[in-house]
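The points may be read alongside the sequence and the model.

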Amino acid sequence: MIVDAIPKNRLKEQKLQFIRNHQQAFDVEPIYPLPLFEDFVMSVEGDCSLEASCKIESDKLIASRFLLFFKDKAQQWQKYLHQSLTFFSQVETQVGVQIDYSLLQQFLGYNFDFSKVTVLSAGIDLRNNLAESSLKMHIRIKDYPEKLETAFALSDNTANSHYLGNFVSLIGFDYYFNGTSEIEIYAEVQEEDFFKPEINNLVWQHFPKTALEPLKASNLFFTGLSKANDNPVLYYHLKNRQDLSNYFKLNDTAQRVHSFYQHQDILPQMWVGTAQNELEKTRIENIRLYYYKSFNMESN
């Protein structure tokens with residue numbers, strides 16, 4: 001037991017250090033409930049990944065954004081969902097807000113088949129105005145068409161995006177501290193399918209050429225569909241974060257974020273998210289940048 005305790009403790013320290021490095025780099029105040037998220041991350045045993053992200057709105061930088069991704073080799077998704085919701089309830093109690101779980105409850109329904117889950121994440125997006133802060137959860141499913149139908153039904157103004165229905169596998173939930181909640185569905189195209197004629201007919205014809213250029217450096221593409229986003233956000237998973245400035249015309253604030261991460265011990269890949277109309281500008285003023293680090297028991 002003593003031998004096993006050392007890597008576990010080191011893993012906890014590394015996870016906390018990753019969060020703290022991000023806080024320090026971008027002057028993130030430890031606004032409540034960030035300490036509760038740190039406790040949640042420290043309590044998760046086994047392998048996981050952490051995402052830190054920045055949302056840039058012109059010269060405004062929103063940096064208190066973190067997600068924990070569970071890595072599940074033993075198909076314990078139900079346990080991890082319970083852990084996540086326990087963390088959410090702690091936040092709810094101590095912040096004094098009422099979280100609306102109705103969308104998640106309707107999506108899960110009764111007898112949800114957790115063997116269809118391939119990814120689960122939980123995290124925070126905190127703002128100085130607490131009412132604008134939110135808790136986040138993502139559930140990725142495979143071969144579960146009836147739940148995709150449920151997700152589309154719950155996100156009821158995405159009907160005109162139903163042509164993307166066959167490409168959806170990721171469902172996101174945002175729980176705002178003002179008591180509202182949103183569901184977002186993500187349509188996905190993988191690199192091996194990027195240039196197939198049928199994908200062009202089904203997907204790419206709906207996007208301008210400027211949206212296709214970053215695919216050259218990506219291995220995954222998402223578009224988020226939700227009632228909250230009239231102008232859908234496009235997400236590119238860059239194979240090498242060094243390619244960011246080659247395909248995205250960053251403003252100074254975004255460049256500052258990117259420069260910091262070049263010198264961090266993180267995964268080489270990154271996600272970039274921006275609205276379609278931003279890509280047509282001479283300089284992108286609104287963008288989301290996401291970076292990751294894996295924490296694995298075996299390597300510690």
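**Notes on the predicted model**

1. The second largest cavity is lined by Trp-77, Leu-81, Leu-108, Phe-112, Phe-114, Val-117, Leu-120 and Ile-139. Two or more of these lining residues are given by helix H3 (77-95), and two or more by strand S3 (117-125). By class the lining consists of 8 nonpolar residues, with no polar and no charged ones. The volume of this second largest cavity is about 30 Å³.

2. The largest cavity has a volume of about 40 Å³, and its lining is formed by Lys-8, Leu-11, Lys-12, Lys-15, Met-42, Val-44, Glu-45, Gly-46 and Met-297. Helix H1 (residues 2-25) supplies the largest share of that lining, 4 residues. By class, the lining of the largest cavity holds 4 nonpolar, 1 polar and 4 charged residues.

3. Open space is treated separately. The largest pocket has a volume of about 1000 Å³. It is lined by 43 residues, of which Glu-51, Leu-67, Phe-69, His-138 and Tyr-292 are the closest to its centre. The lining of the largest pocket divides into 19 nonpolar, 11 polar and 13 charged residues.

4. Helix H5 (residues 145-154) deserves a look along its axis. Its buried residues are Lys-147, Leu-148, Ala-151, Phe-152 and Leu-154. Viewed down the axis of H5, these buried residues fall within an arc of 165°, so they line one face of the helix. An α-helix has 3.6 residues a turn, so residues three or four places apart point the same way. On the other side of H5, Pro-145, Glu-149 and Ala-153 are exposed.

5. The backbone has some features to check. Most residues other than glycine have a negative phi, and most peptide bonds are trans. Tyr-32 and Pro-33, however, are joined by a cis peptide bond, with omega about 10°. Pro-33 belongs to the loop between H1 and helix H2 (34-43).

6. The loop between H1 and H2 also contains Asp-27. Phi of Asp-27 is near 50°, a positive value in a residue other than glycine. With a relative accessible area of 62%, Asp-27 is exposed, because the cut-off for that class is over 50%.

7. Ser-58 likewise has a positive phi, near 60°, and is a residue other than glycine. Its place is the loop between strand S1 (48-57) and strand S2 (60-70). Is Ser-58 buried, exposed or partly exposed? At 36% relative accessibility, Ser-58 counts as partly exposed, as this value lies between the cut-offs of 20% and 50%.

8. A search of the whole structure for aromatic pairs finds 32. Angles over 60 degrees count as edge-to-face. Tyr-261 has 2% relative accessibility and therefore counts as buried, the limit for that class being under 20%.

Terms used: Residues are numbered from 1 along each chain as its sequence is written. This is a predicted model: local features need pLDDT of at least 70, side-chain atom pairs count only at pLDDT 80 or more; totals for chains, interfaces and linings use all residues. Side-chain values use heavy atoms; hydrogens and water are left out. Buried means under 20% relative accessible area, exposed over 50%, partly exposed in between (1.4 Å probe, protein chains only). The arc is that of the directions from the helix axis to the C-beta atoms. On a 1 Å grid over the protein atoms alone, a cavity is a set of points where a 1.4 Å probe fits but cannot get out, and a pocket is an open set with protein on both sides within 12 Å along at least five of seven lines; lining residues have an atom within 4 Å of a point. Grid points are joined across faces, edges and corners, and a volume is the space filled by probe spheres set on the points. Ala, Val, Leu, Ile, Met, Phe, Trp, Tyr, Cys and Pro count as nonpolar, Asp, Glu, Lys and Arg as charged, and the others, Gly among them, as polar. Rings of Phe, Tyr and Trp (its six-membered ring) pair if their centres lie within 6.5 Å; planes under 30 degrees apart count as stacked, over 60 as edge-to-face and the rest as tilted.
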